Structure formats: structure tokens, C-alpha cells
Amino acid sequence: MGALVMSKAITIDGKSVSFIDGQTIMDAALAAGVYIPHLCHNPEFEPHGNCKLCIVSVNGRNMTACTMPAAEDMVVASDTPELDSDRQALVQMLFVEGNHICPACEASGNCQLQAAAYYLKMLSPHFMHFYPPREVDASHPDIFLDLNRCILCELCVRASREVDGKNVFGISGRGIGTHLVVNAASGRLGDTNFAVTDKAAQVCPTGAILIKRQGYKIPIGQRTFDHKKISEVQMEPAKRTEPEHE
Amino acid sequence: MEPHEFPHIEQQLAPVFERHGCEANQLLKILREVQEIFHFIPPAAITCVASHLGVPRTQVEGVAGFYFFLSLKSVGEYRLLFSNNVTDQMQGNPELMQYFCHKLWLESGKVSEDNLLSVDSTSCTGMCDQGPAALINGWPLTNLDRDRLDMIAALIHDKKPVCDWPSMLFEVKDNIRRAGTLLGEPFEPGAAIRATLDRGSAATLMEMEASGLRGRGGAGFSVARKWSLCRASPGDHHYIVCNADEGEPGTFKDRVLLNSYADLVCEGMTVGARIIGATQGFLYLRGEYRYLLKKLEEVLARRRVAGLLGKNILGETGFDFDIEIHLGAGSYICGEESALIESLEGKRGRPRNRPPFPVTHGYLDQPTVVDNVETLACAARIAIQGGEWFAAIGTTQSTGSKILSIAGDCARPGIYEYPFGIALHEILDDCGAEDPYAVQVSGPSGILVPSKEFGRRISFEDLPTAGAFTVFKRGRDILQIVQNFARFFAHESCGFCTPCRVGTQLQKKIVDKITHGHGTVYDLEELKHVGHIMQSMSHCGLGHTAANPVLDMLEKFPDAYEHKLKNFAFEPVFDLDGALETARKITGRDDAWAHLS
Amino acid sequence: MNEKRKIRVATCSLAGCFGCHMSLLDIDEKLFDLLGVIEFDRTPFTDIKHCGPCDIGIVEGGVSNAENVHVLKEFRENCKVLVAIGACAITGGVPALRNNIDLWDCFQEVYLYEGGLEGNQIPNDPELPLPFDKVYPIYEVVKVDYFLPGCPPSADTIWKFLTDLIEGREPKLDYEMLHYD
């Protein structure tokens, strides 16, 4: 009985993808080399499911691939013009919600928000910009925290909690006022026990958490997503796109 | 005392920890008390609470920043919150709020310089049939007018504690206008439990099945099915939760049920507990109804004395069940069952990823049933009178009766109970609606019905409703109504998922633009686009339904916005001339080049 | 076949750095091919002060002040097709970094506290364009037909885009041509 572990399968865009019980649609897709766009998901941490880029159509109903357990007979559509158009709108929403000024950002070229936008062929943010007043925190000796670029994916929250065991980051506020907070009464990153070697310092998909003194070490034009699509990069599990630190 | 210095915080909070213990799931309860002591949650209190509960500071700050009735900045000794439901708006609350602010030299949303009071608006307080309404330090004020506000201003000026204010200010009426089988028939406490014990749990569940009872919160899930699933789910404990977080604007029936039929509701919970095997129940009471807390605690105490709660209920050995009341703290999303459970656990009210569903993994990850107040009252009746009796009322797919909270442009607002299947025009006649033009059925997340569709019927198969029934007469500005709803969703989005967090804001901004006379056909298309993204990509029902009023207006009420539109294809997103105002002030310029039309 | 009428093109830079225009000039020798089919109306190259009827208008830079709006509206009214070129026209770009700074603080810093200025007063000359409280992308002020992102878009990207547009194809950028930096 137990020998046929991989016998279960779902269909993604016409391709049969096997899964084992407990895997999500995203897990099964990643294992099979099928790219489903995502920003808040990183297989190293508990799925979160809030960016909604990975929404796929399962037997005609929209579901979040990174949190939905795979089940037999699921017919999943992901790579469709309709879904990609809706995903592009989500990326556009993330762009106008924050202050994403790519030419002035050290993460440009390595930024997954930008890369997802390239992948989805976004030519403009389309919606009205909110230009919210947000803080830049340079109090930490080794790390910048620039909330202008935070997309609330909570990867740093999860990394600090699950891997570093520190809980340096959390989320407060609600609605459009939802924002990242750090574990200090002063609200300053420099007053936390955050370290440059922490996992949480390596996982930001944008330039919200940046390691200091790394600026332009790799020139624009030679960065991760300058020549490779995010779909290719994220399908190379061995070479994750982490900035190196000293 | 300086508002930001708290040298004795440990001593001040010690009794709070004493009362609630130091379990992490007591966090919301503790923070509610911290708010009452300091009129906000100071950073020092966050640190203190975090260390006592053994949770990260970020978690405490996260919860404190989520709920509207908690605040990270001082809101003063007195916080007056005007209800901004559309009925309160029609009854003149915006003008009253302006009057009050003007009178006391206040700016809405800001605390007075002496840290004495602040004024703001809040989502519907559930007093739509006796508005305009407000909350003072969480206590409901009804039937507001200028005279009452003058009186309130004087009371605040004299620093009179709210508990000593004249009771007439706080009078809340039931206004039951039409009672059916649920509200009209006598009920003897204990009868439903006794019937359940006599019949047995399995047989009572069969009665629930036969009754066809579906959830009254709006979604209409079968109660028998939910209870069976939970009953069959393995777990160390099972829980039953009464969802009394009646947040849908325009709904107030649960307030009346809890005020005058609390025994029936508790009895429904106890019957449910017997069937699913729960020993602990929770009643999640929305913060706006805290004034009912004392009365409800008394009901629970009386039931314990009567052997209807506690150990060995009605002498049945091993039938142990009790109910604990949890107060919300100002968050519409906590009416969503998984967000409600998060809130019960003392966390931010954010809807969980599903599956797993609460029936298998709910409160503390244990099998949990969450049912609406009215559903539980129905269940108690069914336990006594049987499923067949209940199924004979209403329609085939929608059995039983439905309690409506009727407000707006009608002579007799209040509570009306009808068998399912009742047509809107009959209801409108009964409540004395004068020249009705539209009805918002089931609140902002429901359906805006135009007069030509008044033949439609209240039922799961036609017009499902959680109970709100707001009447608008001819001449009401539908665009203004929709603007009110769009603002509501933008205020109540929990902020978890991208489409709802950003989409509700975009929707609000575009509706505002049209309301201000700057909209074009392009903006209508944008509203449809944003609405589509929210409907198809959101995490939970809030996002899925947040575009409903806007899309209903676009489809059914073209007269509401067409005359407001510019003839051009495109208008700037922002007010060009307004965006020059700051620079005009700084430079002192007022020449032609300092203006844009 | 009759000799085709030349396509008339206008360009301008609002709150931008002229980097997109420099990139346009970087087309180098292909400019001669381009000039075979297009002619310039108002551009920084021609010194024509106002935009007349055109086929294509190319706008660099965001909207930072009242004058930017006058120019932008003139372009929109006169150009059949309006193109937003570069990060600033599309998102506000680097000038939009000032959006988080209070305008009064900006004025004080520049005119009152900064050394080297005589008199230390905030100018109120009507000839000076009056700044907005924020810098906006041009699509929030007028309808924009095409977007060509990049800071600046490369000469090859601009060439590809313009040749597509001129030859009546829907402009299409390969992956490596789509950049926001």
C-alpha cells in the first residue's frame, strides 16, 4: 500500500503534476518545475498567502496556490491571460501603495516585486499613487529598514520567528495602515537584537531591508533579474537570490 | 501627570494580570483594560504586557494597532465616536458631529490640548432604528440632537464620570414591531435542553437536519451539517461559539435577541454543545454592545444557579458546559468566523487560510462551531418543537423565519420577523416606507435593490440576508450612499491581502472623485476593474463583497452618477488647483499662473 | 506610391533630467533613418516653443509644477498618440523622492537656510512655475496611450518602440528591454 507514495496527481495547465499528501498546489508546482507567480511565498517558511499573486483557478474557482492543499482531481489553470492580467493588477496595486522608485533603489535588478512586474509585462503602475509618508530607519549599524518599499509579505517576520527565533519583526495597524514594526519600545531597528547574519536580513523580496555598504557592488545591468526572468531564477532551487554579506 | 510617563506601570497593571492571568490568549482582554486605564496603550504598557505574557512586543503592538477601540495615541478621558452608518448619516450625524466639534473647538480625530476628549466617527453602532447614535467611552448614546450634545458637552466639561450621566441618554429600545415563531412564542428556560436530553443528541441532530436550518449570518451553511462535521472531528476539546459580532452596518437584530432573548440564545448554544460534545462555549460580543455585558453575565449566573449551565446540567451526569463572554474591540472583520476565532485567541482579527476549517481546527486548533445569534435561537426552538414544525415555515430552501433590522426612510423602524419568502413590497408596506426608491438588503456587503425589483423575496434562493434592511426614499442620493459604503470597507479592511487592502482604498478614492464632480466614463471602467480584482483575488468575504454596492449602482442606478460625470474622456486623478494651494500659501502668490482649472 | 507624409513628433521634458532625450540621441546613426520618416515639432532640439498638431508626443519627466501641466495639456491636445517615456513620467521617479518631504520644509531649506542666496526670501515672481505639493506621473493628469519605462530606456529600446509605432505595429518589448531602472 505505502509503496505508491507519489501516485497522486493534479493537473496544472494541462500538465500532470504529482504530489504527496500535505503538499500545497505551490509545493507540487515548484517540485515539478512549474512556475506560479508569487511574492510572499518562500518554500523555506510557513506559507502565508497574502500577496495573492499565486491565485490559480481550481476547477473553476480561484484559490491561493501557496496555502491550498493539493487534492486529487484538481484541474488547475495558472498560466492564463486572465489570471496574468489580474496578477498584473495586484503588482500595480503594490507599486502605487508604497513608494517604489526603482532608479533610486539599491535592490533594483534583484527585486522580486520588480521582477514579477517584468514577468507580467507591467508597463506602468496604472492606478493612482498613494505616495504614503513612510519611515526610513538607518539606526542599525549594518542594516537599513526602508518602509517605503515594504510590501507586507511578512517574510522577515516569519524568518525572524521561525529560523532566527528572535521575533524582531511584526505587523501592526490595519487596512491601508498595516505596517511593519520592530521589537523595540523606541521603534528603532538599532535597538533590537537584529543581526546582519540573521535569516530575516536575507529574505526581503524588495529593498525594504538592505544590508549597508553593499551599494552598487554589482552594477545595474548585471543583476539577478536583468537578463533572467523570475520564473527561471525561482526554478533554480540551488541558487537562491540572496545578497551576500561580509 | 505627563501623558507619556508611566513610572508605576507595573503596579497599575498588576490587578489586570491578576484578573485575566498571563496566558497569551488573554491579550485582547488585557489591552481593553489598559486602554481604559490610560485612554491609550502607551509603549511602556506594551513592554510590560509583553513581558508578563511572555510574547514578543511586536505581537502586543500588532494587536493594539489593529482594533479601532484600542489606540496607540491618547484619545483623551472622553472619546465620543459618532456612528457613521448611512442611516445615522441621513439622520444628520455629520452635522451633529460638526456642531459638537465647533462648539468645543475640536478637530475630528484629534485629542483636545488638555487631553480631555476626542471626537471621531466609527462604523455602525447598531442603533439604526434610534439614531443618530454615538458611543461615549464605549457606551451607546441614542437619539442624539443638539440639545443632548449640549448636555454632553456640559457633562464632559464638569468631568462627570460617564457612569453618572443621566440614563435617558443611554436608553436603548427593542422596537419589536412584528414577532413570529421565534420572537412571539413563550419560552421556558431549560425546555430545549430537556428536550435534547430526552430525545438524545443523535436524534436532536436529526431534527436539525429535518428542520433545514441554515446559518442566519448570511452565508446560509446547513447547521446540521456544520454540527455533524464538528461532532465527528477528533480533538481534545470541542468548542461552540456564538457570533454576536453584529458588525454589518444596518443590522441590530442580535442586539435585541441578546437583550430580551438571551436565554433562548444560551439554550441554543447548550443544545449545540451537547450535540458536538463541547464543554466550553464563547459568546463573542461586539465591543459596541458592551453595555449588554452586565445583563448577559447576570443571565449566565442565573442559568448556572438553575442548573442550566455548569456541571451536570439538569442533573445529567457528565453534561458539563459553560459560556464565557468575550468582548470585541471595534473590528468588522471579526464577524468572519476564522477572524473571530483569532480574536478570541487574543490576536489580530485576520481571517485564516482555509482549509482547515473551524469545524476541524478552530479555537486553539480544536474542532469549533461558530454560529450566529439568531441561528442558535432557532436551534433552541427546533430542539423543543422539532424539525418538521420548523421546516413547515418559510420556503423549501429557506426554512423558518428571518428577523430583519429595518431602518432608514420608514415610519416604523425596528425589528420585524417574517417567514422566509416574504416579498420586499410587503415589508415596505408594513414598516411604513414612504415612496421607497431602493432597499439595501443585508447591508453594504449585500444587494442594493431598485424599486422595480420590490417583488423579490427574502430567501437564500433570491435575496439572502444577514438581517439588515435599509430603506431609501425617492430623492435620496444613491451616490452618496454608495460613497458611505465604500468608505466603510476601506476603514474595515483588515489589510492582510493586497487586493482588498489596496482595492478598497482605490474604490473609495474613485467614488469620492465622482461624488466631487470630477469623474468620467474612464473612472466608471476603473471601478469595474478594481471591483473585479477584489471579487476574484481577495482572501475573504470582505474583499469579495466590498465592490457590491458600487457595482450594483453602476448596473442599476445610472441616474445616480451620470449627471455627475464630466463630458471629457479623462479628468486628472487629483485636484490640480488644490495641489498648488500649499505653494500658494508659502509664496503668497495668487496670480493667474498660480492657478489651474 | 506617393511619398508618404512625414510623421510629426514632439518631445518635451517636464520634471525629468533629459536623460531620456539623451538616450534618444544615443540611437546614433540610426537617427538618420529615423529622420527619413519623421520630422520634429516642439522638442529641445528644434527650439519650437509650442506644440502644434502632431502624430506622436513623447513626454519625459513627471508633473511637478503648474507649468508642467500647461505643457502636458498642450501635448495631449495636439498629439494623436501620447507616449510617457522613462521612470519619472510613469511613476514620478527620482523627483518624487520629495513627496515625503513637506513643501514648506523644501522651500525653507532652499531659500531661507541655504547659504549663497542674497536676501533670504521665498520668491513670489509669477514667472516662476509654482510647485505642486507632490510630483505626479503624467498619466494621473492626462490620458496616456503608451508607456516606455526605463531610467532611461536604452537607445535600442527606444528604437524598437518607435519603429514599431511608426510602422503601425503594437509596440512590443522583449524581456531585456523592459526595465524600470
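The points below comment on the predicted model, chain by chain.

1. Basis of the note. This is a predicted model, in which local features need pLDDT of at least 70, side-chain atom pairs count only at pLDDT 80 or more, and totals for chains, interfaces and linings use all residues. Residues are numbered from 1 along each chain as its sequence is written, while chains are lettered from A and ligands numbered from 1 in the order in which they are written.

2. Confidence. The model as a whole scores ipTM 0.95 and pTM 0.96.

3. Sheet in chain A. Strands β6, β7 and β10 of chain A form an open, antiparallel sheet in that order, where strands are DSSP runs of E of at least two residues, helices are runs of H or I of at least four, and both are numbered from the N terminus; two strands count as paired if DSSP finds at least two bridges between them. The edges are β6 (136–137) and β10 (209–211) of chain A, each of which pairs on one side only. Strand β7 (residues 143–146) of chain A is joined to β10(A) by three bridges, and Ile143(A) stands opposite Ile211(A).

4. Domains of chain B. Five domains, with bounds from an automatic or database domain assignment, divide chain B: domain 1 (9–64), domain 2 (78–165), domain 3 (178–391), domain 4 (401–476) and domain 5 (479–564). The C-alpha centres of domain 2 and domain 5 of chain B are 28 Å apart.

5. Helix α19 of chain B. This helix (residues 478–492) has 15 residues and spans 21 Å from first to last C-alpha, close to the 21 Å expected at 1.5 Å a residue, the expectation being 1.5 Å times one less than the number of residues. Of its 15 residues, 11 are buried (20 or more other C-beta atoms within 10 Å of the residue's own; exposed means 12 or fewer, partly exposed in between, with C-beta atoms placed from the backbone), among them Phe485(B), Phe488(B) and Phe489(B). The buried residues of α19(B) pack against elements of chain B including β12 (436–441), β14 (468–473) and α20 (498–515).

6. Chain C. Its six helices and seven strands follow the pattern β-α-α-β-β-β-α-β-α-α-β-β-α along the sequence. The C-alpha atoms of chain C fill a box of roughly 65 × 35 × 30 Å along the principal axes, and 42% of its 181 residues count as buried. Among contacts in chain C (C-beta atoms, placed from the backbone, within 7 Å) between residues at least 6 apart in sequence, 77% join residues at least 24 apart.

Key:
Contact = placed C-beta atoms within 7 Å.
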